[in-house]
Amino acid sequence: MTKSYDVIVIGSGLSGLTIAYGLNKKGLSVAIVEANKFGGAVANYGSTRKKELVAFAELKLTAQQLAKTGAVNELTPNWQSAMAYIDSLENTESLEHETALRKVGIDTIYGEAIFVDEHHIEVAGSQYEGEKFVIATGAKSRTLQIEGSDYLKDSTDFLTQKELPKKVIFIGAGIIAFAFMTIAEAFDTEVTVLQHDERALAAFDQELVYKLIELNKSRGINYHFDEQLIAVKKNQDNYSAITAKGIEYQADAIYCVAGRIPNISDLGIETIGIETDQHGIVVDEYLTTNISTIYACGDCSNTPVPKLATYAVWEADYLVEHLTGDGLKNIDYPLSVMSTFSQPKLAQVGISISHAKENQELYSVETIDMTDWLEYKKNNDAIALVKVIYQKSDNRIVGATSLSNQADLFINYFTMALHAGWTKAELKKIIFAYPSLANDVLRAYH
Ligand SMILES: Cc1cc2nc3c(=O)[nH]c(=O)nc-3n(C[C@H](O)[C@H](O)[C@H](O)COP(=O)(O)OP(=O)(O)OC[C@H]3O[C@@H](n4cnc5c(N)ncnc54)[C@H](O)[C@@H]3O)c2cc1C
Ligand SMILES: NC(=O)c1ccc[n+]([C@@H]2O[C@H](COP(=O)([O-])OP(=O)(O)OC[C@H]3O[C@@H](n4cnc5c(N)ncnc54)[C@H](O)[C@@H]3O)[C@@H](O)[C@H]2O)c1
């Protein structure tokens, strides 16, 4: 007999889990389908593992900086032990997700969901009926249509490998590459980055990106811009990345980190006519597809926000409210905030520096060098900068960008102040612990 549910959620990443729990709490009958590991990218092959590995890189680099003062000895992180530790933290997570879901009465279905019609999916040979569906199937690594592409590895391979090769190449100088090059370099691996055009970390302020690259170069990371990969070749002991200029770069492993694309090709959505575009499943401002009982959110949808864990949860929370409320309110997004997990980190909130520069009649930008401020000086950090964007009409801060080892934390204080619309006078009504990063925000407001 076909089992039926109020809502079937396809994909158990952050967005899928949030929706399943939210709807279950509101009393709806819910099933969640997962083709791989419960928990999706964040838990199994994304930000969690990355951040755990970045922690080793931070330790190594801070020790390296302090070693220059003679105060401490350098550290030598060990990849195999680090991975064993991370696996011990993470192995139980997929299972824990499934057990926790079942415990509250959410049915878990293992396998790839394929639409049969608007109200039915097939998973591993069985059919399930849903009054409504939420597609939350995330994104997958972009593959390149070039000769030898099968030799390319992806971000999941990097984050789960038991041994780290001594020499690696990253194809693409984006947000994943900047975290991975920091990690690899900290574990004493030689890194080369090949970027097909002239621009790294395109979403960030290019002046600060340039400074980050210069620092990375001084630590031995090799960058090559305007290098279009045309083929990958397996040699006796290693691999070659061959570019359009005819240059051959050799390494023990080559990772393609040239973006992620919506994971929607194996869902059978074309059978039932769900509309898609190059950014994913087309949804309206209610996250509804062209079929009124089918919704999509997170990395697989074409919503107008960066494809980040934060937005995946935001959209999922919205859908829970939408599906259980009166359904009248459209989705509204908060301020955009994001950080690279390079070392130093590059983080930004609110309007971008490029937007501020293009609209100088509206905005002014102040650059503050914080390198000799205590929070950075104490670790002998090489650089700490913040650019603050003011709206000229009322002198409120509308954006900030920071390059420092603590930029991911620092930017969040700005996020709160921006969200509240605080001026310096309003901020001065608060006392922050001193000395601390939070206190530095006061110093950065003019
Ligand atoms: C290496 C890496 C690092 C990242 N770091 C950060 C970060 O630091 N900060 C940040 O905000 N974001 C980060 N992201 C992005 C973040 O992981 C995603 O935005 C977020 O995971 C999206 O969640 P989601 O629920 O939409 O999709 P996912 O987490 O990708 O979940 C989708 C799930 O659907 C399953 N699925 C797919 N097709 C089917 C099917 N047909 N049937 C059943 N199940 C299916 C998949 O197996 C997967 O488990 C990172 C991503 C990567 C890859
Ligand atoms: N800290 C974070 O918030 C975080 C971390 C990791 C990933 N993510 C998410 O994951 C997504 C994917 O990350 P990503 O780094 O793969 O993508 P990205 O879009 O940040 O970077 C991809 C890079 O590859 C380049 N590129 C594209 N095709 C190429 C080619 N043929 N040869 C060489 N270079 C090429 C692009 O120009 C770009 O610089 C991000 O957009 C983001 O949504 C977020």
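The axes of helix α12 (residues 407–420) and α14 come within 9 Å and cross at roughly 60°. Here axes are lines fitted to C-alpha atoms, for helices over the stretch in contact, and angles run from 0 to 180 degrees between N-to-C directions. This is a predicted model, in which local features need pLDDT of at least 70, side-chain atom pairs count only at pLDDT 80 or more, and totals for chains, interfaces and linings use all residues. Residues are numbered from 1 along each chain as its sequence is written, chains are lettered from A and ligands numbered from 1 in the order in which they are written, and side-chain values use heavy atoms, leaving out hydrogens and water. Helices (H or I, at least four residues) and strands (E, at least two) are DSSP runs, numbered from the N terminus.

**Helices α12 and α14**

- The two helices α12 and α14 are therefore oblique to each other. Angles under 35 degrees count as roughly parallel, over 145 as roughly antiparallel, 65 to 115 as roughly perpendicular and the rest as oblique.
- α12 and α14 cross in a right-handed way. A crossing is right-handed if the near helix is turned clockwise from the far one by less than a right angle, and left-handed if anticlockwise.
- From α12, L409, F410, Y413 and F414 meet L437, A438, D440, V441 and A444 of α14. Contact means heavy atoms within 4.5 Å.
- By class, this contact of α12 with α14 holds eight nonpolar residues, no polar ones and one charged. Ala, Val, Leu, Ile, Met, Phe, Trp, Tyr, Cys and Pro count as nonpolar, Asp, Glu, Lys and Arg as charged, and the others, Gly among them, as polar.

**Helices α1 and α9**

- Helix α1 (residues 14–25) and helix α9 (residues 309–324) have axes that come within 8 Å and cross at roughly 25°.
- α1 and α9 are therefore roughly parallel to each other.
- The crossing of α1 with α9 is right-handed.
- On the α1 side, the contact uses L14, S15, T18, I19, G22 and L23. On the α9 side, the residues include A309, A312, V313 and A316.
- Ten nonpolar, four polar and one charged residue make up the contact of α1 with α9.

**Helices α3 and α6**

- Helix α3 (residues 47–67) packs on helix α6 (residues 175–186) at an angle of about 50°, with the axes 9 Å apart.
- α3 and α6 are therefore oblique to each other.
- α3 and α6 make a left-handed crossing.
- K50, L53, V54, A57, K60 and L61 of α3 touch A179, F180, T182, I183, E185 and A186 of α6.
- The contact of α3 with α6 counts eight nonpolar, one polar and three charged residues.

**Around ligand 1**

- Ligand 1 has 38 residues around it, of which S15, E34, K50, D299 and A309 come nearest. A residue is near a molecule if one of its heavy atoms lies within 4 Å of it.
- A polar backbone atom of A41 is 3.0 Å from an oxygen atom of ligand 1. A polar contact is a pair of N or O atoms within 3.5 Å.
- A nitrogen atom of ligand 1 lies 3.0 Å from a backbone N or O atom of A113.
- K307 places a backbone N or O atom 3.4 Å from an oxygen atom of ligand 1.

**Around ligand 2**

- Among the 20 residues around ligand 2, I176, Q195, G259, K307 and S339 come nearest.
- Q195 has a polar side-chain atom 2.9 Å from an oxygen atom of ligand 2.
- A polar backbone atom of G259 is 2.9 Å from an oxygen atom of ligand 2.
- I175 has a backbone N or O atom 3.1 Å from an oxygen atom of ligand 2.

- Most residues other than glycine have a negative phi, and most peptide bonds are trans.
- D226 is not a glycine, yet has a positive phi of about 55°. D226 sits in the loop between β10 (222–224) and β11 (229–234).
- The peptide bond from Q343 to P344 is cis, with omega near 0°. P344 lies in the loop between β19 (337–339) and β20 (345–350).
- Another cis peptide bond runs from Y434 to P435, with omega near -10°. P435 belongs to the loop between α13 (424–427) and α14 (437–444).

Notes:
Polar contact = N/O pair within 3.5 Å; in protein donor to acceptor, adjacent residues only side chain to side chain.
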